[in-house]
Amino acid sequence: MLEEIGQLKEEALRELSCVADLVGLENWRISYLGKKGALIQLVRGVGSLPPEQRPLAGQAANEAKLALESAWGEKQRELQEKSLAQALQAERIDVTLPGRQPILGQVHPITRVLREITDIFVALGFRVVEGPEVEWDRYNFEMLNIPADHPARDMWDTFYISGRVGEMLLRTHTSPNQVRIMEKNQPPIRVIVPGKCYRYEAVDATHEAMFYQVEGLAVDEGITMGDLKGVLTIFAKAMYGKERKVRFRCDYFPFVEPGVEMSVECYACKGAGCRICKNTGWLELMGAGMVHPRVLEGVGYDSTRYTGFAFGMGPERIAMQKYGIEDLRYFYANDLRFLRQFR
Ligand code: FA5
C-alpha cells in the first residue's frame with residue numbers, strides 16, 4: 001500500500017509538471033484529488049487493511065494528499081500569473097502610435113442659415129414658434145383668402161394627402177401659421193415660424209420639392225408698411241452686411257394687401273449685373289406685405305383697429321446668395337465634399 005501511494009504521488013507530480021494551462025490543471029485535479037480521483041480511491045482502501053497497517057498507510061496517504069494539494073496550489077498560481085501576463089501582452093496599448101483623426105460632424109449650411117435668421121429676429125423681439133407640416137386645406141389656403149376656385153392656387157403646386165382638394169395636404173408654405181397663431185393669440189403678436197414646406201415642383205437649380213421657409217408675422221395697433229420695410233431692411237443688412245442695398249417692389253399674394261417682394265443687391269456683381277442675377281443686379285429674397293383685412297377678420301380680429309405685416313423667405317435661396325452656391329440641389333444631395341466646405 002505504502003509503495004502504491006508513493007508511486008501514485010510520483011506519477012501525479014510528474015504529470016503535474018507537464019500541465020501547461022488552467023484547463024489541463026483542472027483535469028489533473030479531478031483525476032487525482034477529485035471525489036472519484038485515484039488518491040481518494042487509495043485513501044478509501046486504507047479502511048480495508050489489517051488494523052496494524054492502517055495508521056502508517058493512513059499517514060502516508062494523508063501526506064501524499066497534502067503534497068499533491070500544495071503542488072496543485074503552486075501550479076495554479078503559476079498558471080494564473082502566466083495567463084494574466086499573456087492577456088496583458090495581447091491587450092497592450094502602444095501609446096506611442098499616432099492617434100486616429102476623429103470624424104467630426106458639423107452643422108448643415110441650411111441649419112446654420114436658419115439659426116442666423118432666427119437670431120436676428122429674436123434680437124428684434126420676435127418669438128420662434130413651429131407648426132404642422134401636414135396641414136388642412138383650410139389653413140394652407142381657405143383662411144389665407146385663397147378659396148378652392150381661386151386661380152392663385154396655381155402658384156402653389158400641392159401634394160394632397162387625401163388626393164382631394166379641401167382636405168389634408170403637405171403645407172406649401174409656412175403662411176398657414178399666420179392663421180394658427182392669430183386664432184390662439186391676441187395682439188400684439190411678433191413671431192417667426194421656421195419649417196419645411198413641400199411643392200410638386202419641376203426641380204431645378206432654384207426649386208426643390210422640399211425646402212424651408214421662415215414665416216414672419218407682426219400684428220398690433222398702428223403697424224404700417226414703414227414697419228415692414230424697417231424690420232426687413234435691418235434683417236437684410238444684418239444677414240448680408242450694412243453696405244448691401246435692398247429694394248421693395250409690388251407683388252401679389254392673396255393674403256396680403258399691398259404685397260411686395262424684397263430683393264437684395266447681387267452678392268456676385270454688387271448690382272452691376274451678372275449671370276447669377278440674370279443681369280438684373282438684384283436677387284429676390286422673400287415675399288411680404290400687410291396682412292389682408294379678410295385674413296384678420298377670418299380669425300375674429302377687428303381690422304379697423306389692428307394691422308400687421310407678414311413675410312416668407314427661403315433659407316436655401318439666402319444660403320445660395322450668402323455662400324455663392326449656384327444650384328440649390330447641392331444642399332440636399334448629401335455629398336460630403338460639398339457639405340465639408342461649410343466647416
Ligand atoms: C410664399 O410662399 C408666401 N407664403 C410668402 C409670403 C408670406 C408672402 C407672407 C407674403 C406674406 P413664395 O411662393 O414666393 O411665397 O415663396 C417664398 C420663398 O420661398 C421664395 O422667395 C423662395 O425663397 C422660397 N421657395 C419657394 N418655392 C421654393 C422651392 N420650390 N424651392 C426652394 N425655395 C422655394
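A: Let's start with R138 and E183, which form a salt bridge with their closest N and O atoms 3.1 Å apart. The term salt bridge is used here for a side-chain nitrogen of Lys or Arg within 4 Å of a carboxyl oxygen of Asp or Glu. R138 belongs to helix 6 (residues 137–140) and E183 to helix 7, so this pair ties together parts that are 45 residues apart in sequence. Helices (H or I, at least four residues) and strands (E, at least two) are DSSP runs, numbered from the N terminus.

A few ground rules before going further. This is a predicted model, in which local features need pLDDT of at least 70 and side-chain atom pairs count only at pLDDT 80 or more, while totals for chains, interfaces and linings use all residues. Residues are numbered from 1 along each chain as its sequence is written, and side-chain values use heavy atoms, with hydrogens and water left out.

How enclosed are the two partners? R138 has 40% relative accessibility and therefore counts as partly exposed; E183, at 37%, also counts as partly exposed. (Buried means under 20% relative accessible area, exposed over 50%, and partly exposed in between, with a 1.4 Å probe and protein chains only.) The helix that carries E183 is mostly covered: 7 of the 9 residues of helix 7 (residues 176–184) are buried. Those buried residues are P176, N177, Q178, V179, R180, I181 and M182.

Moving along the chain, we reach strand 4 (residues 189–198). There, 8 of the 10 residues are buried, so strand 4 is largely enclosed by the rest of the structure. Strand 4 pairs with strand 1 in the parallel sense over 2 bridges, and R127 has V191 in strand 4 as its bridge partner. With strand 5, strand 4 pairs in the antiparallel sense over 10 bridges; G195, for example, has Q213 in strand 5 as its bridge partner. (Two strands pair if DSSP finds at least two bridges between them.)

These strands belong to an open sheet of 7 strands with mixed pairing, in the order 1-4-5-9-8-7-6. Strand 1 (127–128) and strand 6 (246–251) are the edge strands, each pairing on one side only. Within the sheet, strand 8 (residues 282–291) runs antiparallel to strand 9 (residues 306–313), and 5 bridges join them. A288 stands opposite F311 in strand 9.

R249 lies in strand 6 and E261 in strand 7, so the pair ties together parts that are 12 residues apart in sequence. R249 counts as partly exposed at 42% relative accessibility, whereas E261 counts as buried at 6%. K245 and E265 also meet in a salt bridge, at 3.9 Å from N to O. This pair links distant parts of the chain, 20 residues apart, with K245 in the loop between helix 8 and strand 6 and E265 in strand 7. E265 has 10% relative accessibility and so counts as buried.

Helices also lie across the sheet strands. Helix 8 (residues 225–240) lies across strand 6, strand 7 (256–265), strand 8 and strand 9, running at about 150° to strand 8. Helix 10 (residues 315–323) lies across strand 5 (210–221), strand 7, strand 8 and strand 9, at about 105° to strand 5. Axes are lines fitted to C-alpha atoms, for helices over the stretch in contact, with angles from 0 to 180 degrees between N-to-C directions.

The axes of helix 8 and helix 10 come within 11 Å and cross at roughly 45°. The two helices are therefore oblique to each other (under 35 degrees is roughly parallel, over 145 roughly antiparallel, 65 to 115 roughly perpendicular, and the rest oblique). In their contact (heavy atoms within 4.5 Å), F235, M239 and Y240 of helix 8 meet I318, Q321 and K322 of helix 10. The residues of this contact divide into 4 nonpolar, 1 polar and 1 charged. (Ala, Val, Leu, Ile, Met, Phe, Trp, Tyr, Cys and Pro count as nonpolar, Asp, Glu, Lys and Arg as charged, and the others, Gly among them, as polar.)
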